[in-house]
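Welcome to the tour! Open your viewer, get ready to select residues by number, and follow along stop by stop.

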Amino acid sequence: MHGEMTTRARLILILLGALFLNSCGSPGQDKNEKPMNVLFIAVDDLRPELNTYGASHIQSPNIDRLAASGIQFDSAYANVPVCGASRASLLTGIRPTRDRFLTYYTWAEKDAPSAVTLPEHFRNHGYYTVGRGKIFHHQVDSEDSWDENWRPPANGPTWRDYYLPENQKMDTTGSKRGPAFESALVPDSAYSDGKMANKVIDDLRKLKDRDEPFFLAAGFLKPHLPFNVPQKYWDMYDPEQIEFPATQFGNSGAPEQAYHNFGELRNYGNIPPDARLPDSLARKLIHGYYAAVSYADAQVGRLLDELDRLGLRENTIIVLWGDHGWNLREHGLWCKHCNFETSLHSPLILDIPGEAEGLQIDEVVEFVDIYPGLVEAAGLPHLPQLQGESFVPLIKGNESGWDNVAVSKWHSGLTLIKDQYFYTEWSDSTEAIHARMLFDHEKDPDETNNLADDPAYEDIVQELSKQLKAERGF
């Protein structure tokens, strides 16, 4: 479908879309008003360790105020715990399978060539679409989604964006990358996310005066590795106050399939090739992640401030999400790439003009719900390809009929999140199950006790296994 639409056909779709929008409107929107804009904010590797999610040690004032004025989903889960696949799934509204949406370098247009992407759907209905930063994993993936598409230049020769010359040199010599973190006495705009925020602010000023509504996507790279951010964000945290998680020794009774050697982190030059990281290095990495979260939060704040200054806030839907979780030594792991809660749980925050402020939703939602939810909130038509459910009824206070279930997949591991249970099974192409994992989050939120082989939970395991097969989408 991508690349096949003629200019005439697109103009027809725009006219039809405008008629549709004027006839049905969207939540909180008068039918005579201009359709609501969309500011779509993606934050790479952002776990829900934020002040608004109860982590008082994290300084995230701008994401906190977005949640305070909008809607916070407390139980939102990525369908795949890796960036490229998670984004391709979310942006097409289609679930991963055994042979679709598998890795960080996934292309949406290759794995789902007939799908209409989320920004493309808005573009087809009269929106001016602008992509900034990392939205799809590959900048040129699904290019027909955008009227404009740009990524900020990085310092040095690689995307890793080292500012210090010695780290740039290390990043381009030898078999490993530069260090896993960097701090420098520089302004925010010295790194690519600061440059990107500058660009999006400029975009907002230009888009304000356009006749058509806009879909503006801003993809921040931090807190993705390497944790390269200005020194002032490192200074926000006292490393002596950083605590290691209770599960840092991987003592949950989970099967070997649940673990990995965090190869993404091992690629960096100051990380040992195997074995457990020393405490001093582990603390430095956690410190760097926290600093990177606060740096990303500051850039989000700059966009929110500009929306307010321009008077666009009252007519703009804002969505902020992290593409998946991240491990900070939980279960002895780093990075994502696994089926534990820490890899799958991620923030999802919405601000819809005219809707409830400061609403917290406990029901389980999954990232394939974002596409249909935004479509309904903006008053666009639903697409048959969408495999999730719109969360607008939850926002309206109508929980009846909501299945309260999410399904996530990492290669041969499939996880069902239902009620308080977090159930995973690993199977092969013949459906033979070779490992299981079950946690009861009501009793064990840190996932310290695998109950899959406990006779007392045998009936629950069988029930969850049956529902997992029914919900997985393949």
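Helices (H or I, at least four residues) and strands (E, at least two) are DSSP runs, numbered from the N terminus. A residue is called buried under 20% relative accessible area, exposed over 50%, and partly exposed in between (1.4 Å probe, protein chains only). You are looking at a predicted model, where local features need pLDDT of at least 70, side-chain atom pairs count only at pLDDT 80 or more, and totals for chains, interfaces and linings use all residues. Residues are numbered from 1 along each chain as its sequence is written, and side-chain values use heavy atoms, with hydrogens and water left out.

**Stop 1: helix 12**

Select residues 370-378, which form helix 12. Eight of its nine residues are buried, so helix 12 is largely enclosed by the rest of the structure. The buried ones are Ile-370, Tyr-371, Pro-372, Gly-373, Leu-374, Val-375, Ala-377 and Ala-378.

Now pick out Ala-377, a member of helix 12. Its relative accessibility is 1%, so Ala-377 counts as buried. Then step just past helix 12 to Gly-379, which takes a positive phi of about 80°.

**Stop 2: Ser-390**

Next, select Ser-390, in the loop between helix 12 and helix 13 (392-395). Is Ser-390 buried or exposed? With 13% relative accessibility, Ser-390 counts as buried.

Which residues is Ser-390 in contact with, leaving aside its neighbours within four places in sequence? Show Asp-369, Pro-372, Gly-373, Glu-376 and Trp-402 to see them; contact here means heavy atoms within 4.5 Å.

Zoom in on the side chain of Ser-390, which makes a polar contact with the side chain of Glu-376 at 2.6 Å. A polar contact is a pair of N or O atoms within 3.5 Å; within protein, one must be able to donate a hydrogen and the other to accept it, and residues adjacent in sequence count only if both atoms are side-chain atoms. A polar atom of the Ser-390 side chain also lies 3.2 Å from the backbone nitrogen of Val-392.

**Stop 3: the cysteines**

A disulfide is a covalent bond between the sulfur atoms of two cysteines. The rule used here asks for a pair of cysteine sulfur atoms within 2.5 Å. By this rule, the count is zero disulfides. Select Cys-83, which is in no disulfide: the nearest cysteine sulfur, in Cys-335, is 11 Å away. Cys-83 is buried, at 4% relative accessibility.

Move on to Cys-335, which is buried at 0% relative accessible area.

**Stop 4: the largest cavity**

Finish by selecting Gly-133, Ile-135, Phe-136, His-138, Gln-139, Trp-146, Asn-149 and Arg-151, which line the largest cavity. On a 1 Å grid over the protein atoms alone, a cavity is a set of points where a 1.4 Å probe fits but cannot get out, and lining residues have an atom within 4 Å of a point. The volume of the largest cavity is about 40 Å³, counted as the space filled by probe spheres set on the points, with grid points joined across faces, edges and corners.

Note on methods. 1 Å grid on protein atoms, 1.4 Å probe; cavity = no way out; pocket = protein on both sides within 12 Å on 5 of 7 lines; lining within 4 Å.
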